[in-house]
Amino acid sequence: MAPGDGADPGREGGPSAAGGSLWAALGGLTTRGRSFLAAGIAAASCSYVLGQADLLRVGLLLAVLPLLCVAVLHRTRHRVTASRRLTPSRVPAGAEARVQLRIDSVSRLPTGLLMLQDRVPYVLGSRPRFVLDRIEPGGRREVSYRVRSDLRGRYPLGPLQLRLTDPFGMCELTRGFSAYDTLTVVPHTEPLPPVRLGGPGAGHGDGLRRSPALAGEDDVIPRGYRHGDDLRRVHWRSTARHGELMVRREEQPRRARCTVLLDTRRTAHEGRGPGSSFEWAVSAAASAALHLLGRGFSVQLLTDTGAAIPGPGAPGELVGLPHESADAAGLLLETLAAVEHSEGTCLSPALGSLRGEGGLLVAFFGGLDEQQAALAARMRGRGGTAVGFVLDPAAWRGDPRGHGAAGLRLQALRGAGWTALPAGPGASLPELWRLAAGPGPAAPAGSPGFPGAGTAGGRV
């Protein structure tokens with residue numbers, strides 16, 4: 001099988017597919033082939049004992065036929081190439097992707113019966129197997145199958161395995177190609193209502209920064225004159241002081257900033273699989289970040305470990321510019337597709353990363369004890385807006401005894417200026433998002449038993 005890579009379409013193959021000696025190929029003899037070989041050796045031995053020349057010829061025919069099939073199959077296995085096309089390569093959880101396999105014969109002789117098997121993780125379903133009729137010289141065969149996963153992640157597809165057989169069924173050789181593709185299953189996201197969270201929309205609100213530009217309000221720091229500068233911007237006082245022509249620097253407002261905090265602590269979440277509190281938090285964080293990117297915010301994704309994803313803007317930022325929003329959204333979803341639980345038990349690294357950060361803070365917390373609730377309360381920047389969605393593990397376990405402590409944690413966050421809302425199993429993020437924008441929301445659906453759920457801590 002010819003070498004290649006996994007491009008679009010990816011050609012499979014590699015040194016491992018072309019390796020193996022003729023002696024190793026003898027291990028591919030089927031039961032029929034071994035029986036023929038044994039019968040041929042026995043007949044040849046009997047012909048020597050009995051002195052029967054005709055029996056010798058029969059024995060040689062029986063013994064040579066499987067060996068000839070091995071030699072032919074060993075030669076032709078290098079003349080088959082395969083390619084895989086994955087459409088699309090990134091799907092949301094619960095959606096299907098189509099995998100198309102193509103087998104090309106580059107031999108001058110027709111192939112025998114081909115049995116094709118692609119390796120896929122068990123999360124995506126059973127291994128697809130196909131039986132292909134013989135392929136004529138220069139011919140091609142195409143087969144396809146679909147994969148689906150309810151759990152986000154990155155899943156390798158391949159390497160492809162091809163089992164070649166001769167027309168007599170004497171020998172079967174299985175060879176694995178070297179290349180593989182990766183299916184990325186991103187978190188499921190929901191569209192959120194365009195409500196106001198503590199300030200106007202894109203380009204305004206808390207956390208507004210300013211940057212030098214060619215239009216805007218005056219800045220107190222002048223700069224040297226450059227060819228093409230408007231002479232009306234000449235700063236005469238600075239010109240007289242420096243002895244050279246100086247112009248007023250100007251600045252313009254940048255877009256509003258937002259930090260999306262995702263609590264990934266293993267001890268703060270309950271359950272496994274798509275119905276766990278952690279998966280709800282990941283999907284909710286993805287939905288919120290995409291919504292804010294679409295509104296022109298500069299978004300930073302932060303975890304409890306203090307790590308931020310890389311972005312094309314400032315370190316760790318994703319910029320919602322029209323020509324960059326698609327790339328930023330793709331990078332965000334790719335990152336959240338692979339996020340896992342952290343082994344940390346404290347939110348202090350995230351607090352350290354948030355020091356000095358302004359703007360909007362949207363946090364998705366797991367279970368909070370008294371100490372972690374105090375740390376979370378301090379994350380709200382001075383004068384900033386903070387919206388927190390708290391997932392209580394007791395609610396996800398169905399244990400009503402833990403709701404009282406969860407209500408105290410919510411009150412602690414609200415006392416620090418947060419808009420804190422509980423989120424239980426089956427909670428609707430669009431409904432919670434709408435409630436976070438208005439004063440005095442009622443307890444959202446899917447969050448029964450949370451004391452104090454009727455107060456949002458004021459308008460944000």
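Colleague: How many aromatic pairs does the structure hold?

Modeller: This is a predicted model, where local features need pLDDT of at least 70, side-chain atom pairs count only at pLDDT 80 or more, and totals for chains, interfaces and linings use all residues. Residues are numbered from 1 along each chain as its sequence is written, and side-chain values use heavy atoms, with hydrogens and water left out. Rings of Phe, Tyr and Trp (its six-membered ring) pair if their centres lie within 6.5 Å; planes under 30 degrees apart are stacked, over 60 edge-to-face, the rest tilted. The number of aromatic pairs in the structure is four.

Colleague: What is the angle between the planes of Phe-389 and Trp-433?

Modeller: Phe-389 lies in strand S19 and Trp-433 in helix H12, 44 residues apart; helices (H or I, at least four residues) and strands (E, at least two) are DSSP runs, numbered from the N terminus. Both residues are buried, meaning under 20% relative accessible area with a 1.4 Å probe, protein chains only (exposed is over 50%, partly exposed in between). The pair is stacked, 6.5 Å centre to centre, and the angle is 10°.

Colleague: Why is H12 largely enclosed by the rest of the structure?

Modeller: What covers its buried residues includes H6, S18, S19 and strand S20 (419-422). The buried residues of H12 include Leu-429 and Trp-433. H12 is largely enclosed because its buried residues number six of eight.

Definitions and conventions
Contact means heavy atoms within 4.5 Å.
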